[in-house]
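Biologist: I am new to this structure and would like a close look at a single part of it. Please take me through that part step by step.

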Amino acid sequence: MNLMLTGIIDEFMKNVAQRFSGMNADITAIVGDNVAQSDFPNAVILEHADLMDPQFFERSVKGAQYVLSENIIQQFKECEDVFLVNSDRFAYFPISVRERKVIYYNILSYWYNFLTSRKIDLIFFEATPHMGWDTVLYYAAKHCETRILILERTSIEDQMLLVDGVAQMESVPEGYLLSKTKRELVDLVGQDFYQTVFKDSYWLKRSKDINAGSKNSKGLRKRLRSLFDLTGEILNPGNYF
């Protein structure tokens, strides 16, 4: 299997890449930060910083094998709409729609040529595509019928999901566990997972401590008086002019 990995930016994801390389997978391309070519000798290494630079794509598509036809552009209409909606945040100053379209067409041309000139069976996204270049890569992969896996982290410690797209996300019916007893829940998910999910978080413990301290009315009055004094200082223009 020829594999492309994105988001190889920290030790966790670098370990994931190493695990993949030790399995029955040929890593063809990697997007990351400071990834050593010697660790993945057969892979094309792409730096994140380059993919955030419009000039990188402008240079790369010169003399490209495949030229975007009107038909291809129309097939990526949804991709273009998504890119234009999100691309305002990619610059420190406003960019005209015309300029953003030029950037988009260069990115689309780059990934279209990249995927059609290589046999890539699966692309692994470290997170939901949202940086512009990876949004276009996602749609280009869908167009080329390349399999996709997206890593979705959860708020539960050490628990993650793998999904194969962003258009349809599985949802849990609201309140479906309300009729379950604790014993049934433990039997369903296991004792360790149950304790991980239902243990008090840091902020819940913190709020309980605050509420417990608030039972001391003298301390509460003192804190309220300090809050009102501080609010008065902030709202009084004379403190600043």
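Which backbone oxygen does the side chain of Arg100 reach?

Modeller: The model is a predicted one. In it, the side chain of Arg100 reaches the backbone oxygen of Leu84, at 2.8 Å. Leu84 is also one of the residues that Arg100 touches when those up to four places away in sequence are not counted; the others are Phe83, Ser87, Asp88 and Ile95. Arg100 has a relative accessibility of 9%, so this residue counts as buried.

Arg100 belongs to helix H6, which covers residues 97-116. The axis of H6 comes within 9 Å of the axis of helix H7 (residues 133-143), and the two cross at roughly 45°. H6 is therefore oblique to H7. The crossing of H6 past H7 is right-handed. On the H6 side, the contact is made by Tyr104, Ile107, Leu108, Trp111, Tyr112 and Leu115. On the H7 side, Trp133, Val136, Leu137, Ala140, Ala141 and His143 take part. Of the residues in this contact between H6 and H7, 11 are nonpolar, one is polar and none is charged.

His48 lies in helix H2, residues 48-51. With a relative accessible area of 16%, His48 is buried, because the limit for that term is under 20%.

Terms used
Residues are numbered from 1 along each chain as its sequence is written. This is a predicted model: local features need pLDDT of at least 70, side-chain atom pairs count only at pLDDT 80 or more; totals for chains, interfaces and linings use all residues. Side-chain values use heavy atoms; hydrogens and water are left out. Helices (H or I, at least four residues) and strands (E, at least two) are DSSP runs, numbered from the N terminus. Buried means under 20% relative accessible area, exposed over 50%, partly exposed in between (1.4 Å probe, protein chains only). A polar contact is a pair of N or O atoms within 3.5 Å; within protein, one must be able to donate a hydrogen and the other to accept it, and residues adjacent in sequence count only if both atoms are side-chain atoms. Contact means heavy atoms within 4.5 Å. Axes are lines fitted to C-alpha atoms, for helices over the stretch in contact, and angles run from 0 to 180 degrees between N-to-C directions. Angles under 35 degrees count as roughly parallel, over 145 as roughly antiparallel, 65 to 115 as roughly perpendicular and the rest as oblique. A crossing is left-handed if the near helix is turned anticlockwise from the far one by less than a right angle, and right-handed if clockwise. Ala, Val, Leu, Ile, Met, Phe, Trp, Tyr, Cys and Pro count as nonpolar, Asp, Glu, Lys and Arg as charged, and the others, Gly among them, as polar.
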